[in-house]
Amino acid sequence: MPTMNRRETIGAFLLRRLEEAGVRHLFGVPGDFNLELLQQLEDSSALKWVGTCNELNAAYAADGYSRLTGLGALVVTNAVGAMGAINGVAGSYSEHVPVICICGSIPLRSIDRGLGMHHTMADGTWDRFLGAYAQVTAAQARITPCNAVTELDRLILTAWREKLPVYMELPSDIAYLDVEVPSTPLMLAEPPGDPERTRACADAIATQLSNAKSPAVLVDLDVDRFGVAAEVMELAEKMQLPVAVLNTAKAVIDETFSHYLGVYNGGASEPHVREAIETSDCLLSIGYRPIEANSGDFTASLPANTIRARGHSVDVGHDNYQAVTLNEVLRGVIGLVQRAPNRPLRKPLAAATVDLKDSTVKLTQAAYWRAIQGYIRPGDVLLADNGTSYAIFGLKLPAHCTVIGSINWGSIGYSIGALLGALTAAPNRRHLLLVGDGSFQESAQELSTILRHDHKPVILLINNGGYTIERGYIGKSEPYHDFANWAYANLPRVFRPNTTARSFVVKTTSDLQTALNAPNDTLIFIESIMDPHDAPAPVITSSNKGADIDYGPRGPQHRDNVQLKPVT
Ligand SMILES: Cc1ncc(C[n+]2csc(CCOP(=O)(O)OP(=O)(O)O)c2C)c(N)n1
Ligand SMILES: [Mg+2]
């Protein structure tokens with residue numbers, strides 16, 4: 001079919017391509033080098049601008065948005081904006097989240113004519129920031145009138161296909177130039193796999209799983225990013241396979257699914273999960289990327305016969321299959337295997353309940369997490385930051401919940417920016433933010449944007465006067481783990497004086513119950529005050545082990561009483 005062309009400005013073409021790729025909102029901060037694009041955005045009104053307080057939060061927001069929609073984008077200005085965002089964009093790489101970082105950059109005329117510009121090193125160089133982004137994105141380009149058509153499509157498609165961020169510089173003097181562009185919309189599609197390789201791969205997996213006595217499936221976050229959770233569950237249902245997830249993939253498999261086993265975290269797993277995974281005679285692992293934090297500090301031990309499926313390649317035994325896609329392979333396996341007779345499978349454990357009524361006892365982490373367990377509803381979006389809020393990974397979640405976390409990258413403060421993005425993507429779902437005071441202080445100002453847009457999340461902030469999770473490494477009572485105590489619950493009113501937000505400062509279990517009973521018709525901010533040395537045992541045990549991994553046998557963690565220890 002011949003491609004129909006039409007004339008369009010480069011900026012309008014970029015915005016059209018983003019819209020065709022499913023992007024409806026752009027996060028970011030204006031600057032003189034991106035204003036012409038922002039004006040085009042305003043004039044076309046196809047996409048909505050969500051201004052953020054800083055570029056790092058814009059990157060976090062684009063990431064949170066992408067987690068729920070499949071693609072996010074941010075707009076920053078040359079160097080100062082791009083360098084502010086780079087931690088967040090690198091996090092998207094680590095977490096396999098497709099994000100398009102658009103940097104309005106110095107005009108092409110200044111490059112052609114060697115004119116020094118602000119937001120540069122003032123030394124006549126202009127490639128440094130493309131170079132920096134080359135380290136943290138899957139593809140980068142400086143857009144020119146000559147390459148705009150091919151490069152814009154290449155970058156957007158690369159982000160979507162590889163589930164990784166990309167970076168483009170849009171020089172400020174080209175967004176209004178007309179170029180000839182295809183009229184046909186951009187089709188987001190995987191490159192179809194090689195049919196023979198796909199068939200052979202599916203056949204090899206189906207044969208292995210069918211011949212096994214105790215086959216099982218282990219899921220990491222690519223199952224979410226490549227959108228194959230439904231296929232994994234269909235296969236598990238058909239073959240009666242138990243499915244475990246890593247904590248990096250918490251809730252990617254619905255935890256009420258009858259074949260859901262639990263979280264596999266090496267030696268820190270529940271025993272039945274560990275046994276089913278480690279003694280399986282054929283384990284289908286999907287996207288497995290072990291780090292200390294999702295492998296029980298390297299105690300994970302997958303069986304010898306483990307199939308390793310990734311986004312675009314699979315290892316089965318000694319064979320490596322290329323030119324395959326996860327979706328096509330899994331669909332092939334589902335078609336080939338026999339339906340297994342009903343086997344009794346473990347039911348998920350019933351959620352713990354807690355009766356907090358009439359209790360005036362000082363709030364503890366144990367009571368807190370029992371209460372949160374009871375508070376979570378089917379369909380909630382749960383955003384968890386680093387810190388004792390990691391306890392969320394030990395809760396049993398009701399149906400259709402989504403967890404947005406960042407265990408691989410682990411940049412504290414991520415969750416507040418990501419919350420803005422997730423709320424923008426899915427404003428009708430209930431969003432719970434689980435965050436510590438230290439993480440909150442990193443990006444607290446984005447609460448103002450959340451209030452500005454009338455979002456209604458529930459913010460559950462633990463005020464324990466410092467970096468408690470770090471106290472389990474070393475320096476249990478050292479001043480470097482302390483910081484200023486804010487009146488956190490007052491912030492909604494500071495950030496939006498006419499806010500209807502309900503704030504609670506919680507000190508006892510009954511205070512907490514009162515706060516959790518508040519209706520979700522406005523933003524709810526619950527600041528729970530707890531002891532700096534109170535922490536969930538699995539979190540603190542993991543910090544203790546982390547110190548051994550980080551500092552080795554001669555490290556300072558061996559001194560007396562320097563580590564916060566779990567209460568036994
Ligand atoms: C950007 C960044 N800086 C520093 C760290 C190191 N770090 C990891 S967890 C943590 C403390 C988190 O404290 P808080 O949010 O108060 O949680 P708590 O454990 O006290 O509940 C720190 C400083 C990090 N992960 N990311
Ligand atoms: Mg804290």
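Reader: Which polar backbone atom is 2.9 Å from an oxygen atom of ligand 1?
Author: That one belongs to Gly466, and the 2.9 Å separation is to an oxygen atom of the ligand. Keep in mind that this is a predicted model.

Reader: How much of ligand 1 does the protein bury?
Author: The protein buries 81% of the 600 Å² that ligand 1 exposes when taken alone.

Reader: Which side chains have an N or O atom at 2.6 Å or 2.7 Å from an oxygen atom of ligand 1?
Author: Asp437 has a side-chain N or O atom 2.6 Å from a ligand oxygen. For Ser439 the corresponding distance is 2.7 Å.

Reader: How many residues surround ligand 1, and which are the closest?
Author: The shell has 17 residues. Thr388, Gly410, Asp437, Gly438 and Ser439 are the closest of them.

Reader: How do the shell residues divide into nonpolar, polar and charged?
Author: Eleven are polar, three are nonpolar and three are charged.

Reader: Where does the largest share of that shell come from?
Author: Helix 15, with four residues. Helix 15 spans 437–443, and helix 17, at 468–471, also supplies at least two residues.

Reader: Now the metal. What coordinates the magnesium ion?
Author: The magnesium ion is ligand 2, and its donors are Asp437 through OD, Asn464 through OD1 and Gly466 through its O atom. The distances run from 2.0 to 2.1 Å.

Reader: How are those donor residues spaced in sequence?
Author: The spacing is D-x26-N-x1-G.

Reader: Which parts does the pair Asp437 and Gly466 tie together?
Author: Asp437 sits in helix 15, while Gly466 is in the loop between strand 19 (458–463) and helix 17, so the pair links parts 29 residues apart in sequence. Asp437 and Gly466 also turn up at ligand 1, Asp437 through its side chain and Gly466 through its backbone.

Reader: Different topic. What volume does the second largest pocket have?
Author: About 400 Å³.

Notes
Residues are numbered from 1 along each chain as its sequence is written. Chains are lettered from A and ligands numbered from 1 in the order in which they are written. This is a predicted model: local features need pLDDT of at least 70, side-chain atom pairs count only at pLDDT 80 or more; totals for chains, interfaces and linings use all residues. Side-chain values use heavy atoms; hydrogens and water are left out. A residue is near a molecule or strand if one of its heavy atoms lies within 4 Å of it. A polar contact is a pair of N or O atoms within 3.5 Å; within protein, one must be able to donate a hydrogen and the other to accept it, and residues adjacent in sequence count only if both atoms are side-chain atoms. Accessible areas come from the Shrake-Rupley method with a 1.4 Å probe; for residues, only the protein chains shown count as cover. Ala, Val, Leu, Ile, Met, Phe, Trp, Tyr, Cys and Pro count as nonpolar, Asp, Glu, Lys and Arg as charged, and the others, Gly among them, as polar. On a 1 Å grid over the protein atoms alone, a cavity is a set of points where a 1.4 Å probe fits but cannot get out, and a pocket is an open set with protein on both sides within 12 Å along at least five of seven lines; lining residues have an atom within 4 Å of a point. Grid points are joined across faces, edges and corners, and a volume is the space filled by probe spheres set on the points. Donors are N, O and S atoms within 2.8 Å of the metal (3.2 Å for Na, K and Ca); water is not among the atoms, so sites may look incomplete.
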